[in-house]
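Here's a quick tour for anyone meeting this structure for the first time. Take a look, then read on.

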2 protein chains.
Amino acid sequence: MKHPFDRATGLVRQADGAFAGQTDSAYANMVGPFGGITAATLLNAVLLHPARQGDPVALTVNYAGPVVDGAFRIDAVPVRTNRSTQHWSITLSQGDEVATTASAVFALRRDTWATTDAGFPEVPVPADVAATFLSHAPRAWTRNYEMRFVRGLLLDTSKPAEALGSETVLWIRDQPARALDFLSLAAICDAFAPRIMVRRPQRVPAGTVSITVYFHADADLLQTCGDRPVLGVARASHFGRGYHDQLAEVWSDDGRLLATSHQIVYFKE
Amino acid sequence: MKHPFDRATGLVRQADGAFAGQTDSAYANMVGPFGGITAATLLNAVLLHPARQGDPVALTVNYAGPVVDGAFRIDAVPVRTNRSTQHWSITLSQGDEVATTASAVFALRRDTWATTDAGFPEVPVPADVAATFLSHAPRAWTRNYEMRFVRGLLLDTSKPAEALGSETVLWIRDQPARALDFLSLAAICDAFAPRIMVRRPQRVPAGTVSITVYFHADADLLQTCGDRPVLGVARASHFGRGYHDQLAEVWSDDGRLLATSHQIVYFKE
């Protein structure tokens with residue numbers, strides 16, 4: 001049986017070169033699908049495209065309007081192909097309306113000098129952190145992730161507001177377990193709750209407007225991750241005038257930086 | 001007389017709705033124009049567009065191929081306009097070739113709860129930091145900036161390699177002085193040298209592939225900045241397999257976070 005993630009991100013190529021997909025209730029958010037599953041599905045259109053060259057290096061997804069439950073169409077266009085890089089423009093539409101736009105950079109990667117300057121945080125191993133089972137969560141998509149929060153819970157009213165920061169650190173993996181790949185890594189980059197509800201534990205309308213993912217891992221490194229949890233770290237720099245940013249890192253359990261991600265989030269009040 | 005920055009980012013609307021511009025030798029880089037001036041020019045196409053609603057919140061620019069010296073065309077399309085947000089797709093082309101693609105989110109911003117979690121670094125005031133005048137710099141564009149490096153010089157061989165990090169902190173402003181606006185702020189976000197040449201002081205081929213800017217400042221806040229220097233902070237998380245990221249913050253001299261920016265940079269060796 002197909003993993004729900006593969007079902008939700010699955011696409012069928014059409015005679016005109018576009019891809020047909022449909023929303024999956026397993027990954028529903030409050031309104032429309034979870035943004036991370038939309039991002040992964042847009043990336044999948046490039047991965048499945050016959051003109052694709054190399055592996056993803058960068059992905060930007062702009063949530064221009066709501067994705068309505070049901071069928072959608074994805075057009076992925078290789079705007080420019082160079083010797084080692086390839087630039088894509090991607091559009092998700094329903095009828096005449098564009099719901100999501102995206103761009104992606106793919107590349108043939110070579111070995112170079114390498115180092116990681118960001119620091120892997122001191123955290124307990126996943127087995128020592130309680131899993132939050134969200135089987136009754138109002139947002140269906142969260143039921144597809146096993147989340148083990150080290151710190152930075154959503155809407156944590158157990159602490160005085162002054163003691164709260166915007167940082168979340170958690171172990172996360174697909175539920176049921178699924179081997180990590182570029183698609184699930186992209187989705188995980190958008191699996192953090194809006195920082196506004198961590199920083200100031202009040203429920204407010206909020207949603208990602210634009211997200212960018214930089215893939216530091218190549219396919220070989222992802223393969224070594226298997227279906228073990230990855231460590232997610234997210235924080236914000238600034239909140240104000242209706243928007244806040246979010247910086248995120250996703251690390252393998254043996255301390256390799258797999259992806260960094262940035263997003264701008266709309267919030268009310 | 002027009003400021004060189006306004007000359008370089010200037011556009012003329014065409015009968016078909018596109019914008020015509022041309023590269024300016026004052027902002028030349030090693031090959032083609034400085035990426036920051038291209039980013040600002042793409043943003044300007046939206047600012048000048050009659051359908052534009054609100055102020056910029058997010059801008060992503062993908063440097064798909066070289067911009068050749070001379071004339072170019074910019075098409076800016078409002079893909080979707082909602083009540084408070086507007087999503088744009090932007091393309092810079094020369095003849096039949098697309099050189100640069102971009103997306104932008106504009107918004108009508110309202111007052112909300114606000115706070116800054118990122119910290120303004122401890123730095124001397126601009127007057128106490130020596131300005132690096134780059135009047136003979138091989139990259140012409142650097143002559144248009146007054147840069148005062150607090151730390152993190154390009155190609156600094158005065159220290160042992162083990163002592164070098166990837167961080168640069170500098171005071172920067174347009175030279176000659178020019179009042180800060182969304183365009184110059186976008187350009188400044190791309191004015192940091194590739195981190196690879198700061199972290200490992202060797203000259204290697206390197207260039208930005210994709211950059212994203214999140215604007216935290218609104219027009220009123222920018223106006224209070226006048227033509228005084230802003231503080232730029234840039235660092236990298238990871239280098240490897242031909243690419244590294246860069247995270248940047250741009251602060252007003254009185255400690256307000258104006259923009260955060262992220263880019264992915266190609267490098268060789």
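Which residue does His238(A) stand opposite in E7(B)? His238(A) faces Thr116(B).

## Reading the model

This is a predicted model: local features need pLDDT of at least 70, side-chain atom pairs count only at pLDDT 80 or more, and totals for chains, interfaces and linings use all residues. Residues are numbered from 1 along each chain as its sequence is written, while chains are lettered from A and ligands numbered from 1 in the order in which they are written.

## Where the chains meet

Strands pair if DSSP finds at least two bridges between them. Helices (H or I, at least four residues) and strands (E, at least two) are DSSP runs, numbered from the N terminus.

Chain A and chain B each put 54 residues into the contact (C-beta atoms, placed from the backbone, within 7 Å).

## Inside chain A

Chain A has five helices and 14 strands. Its radius of gyration, taken over C-alpha atoms, is 18 Å, which agrees with the value near 18 Å for a compact globule of 269 residues (the rule is 2.2 Å times the number of residues to the power 0.38).

As for burial, 49% of the 269 residues of chain A count as buried, meaning 20 or more other C-beta atoms, placed from the backbone, lie within 10 Å of a residue's own; 12 or fewer is exposed, and in between is partly exposed. Helix H3 (residues 182-189) of chain A is mostly covered, with eight of its eight residues buried, among them Phe182(A) and Cys189(A).

Methods: Two residues are in contact if their C-beta atoms, placed from the backbone, lie within 7 Å.
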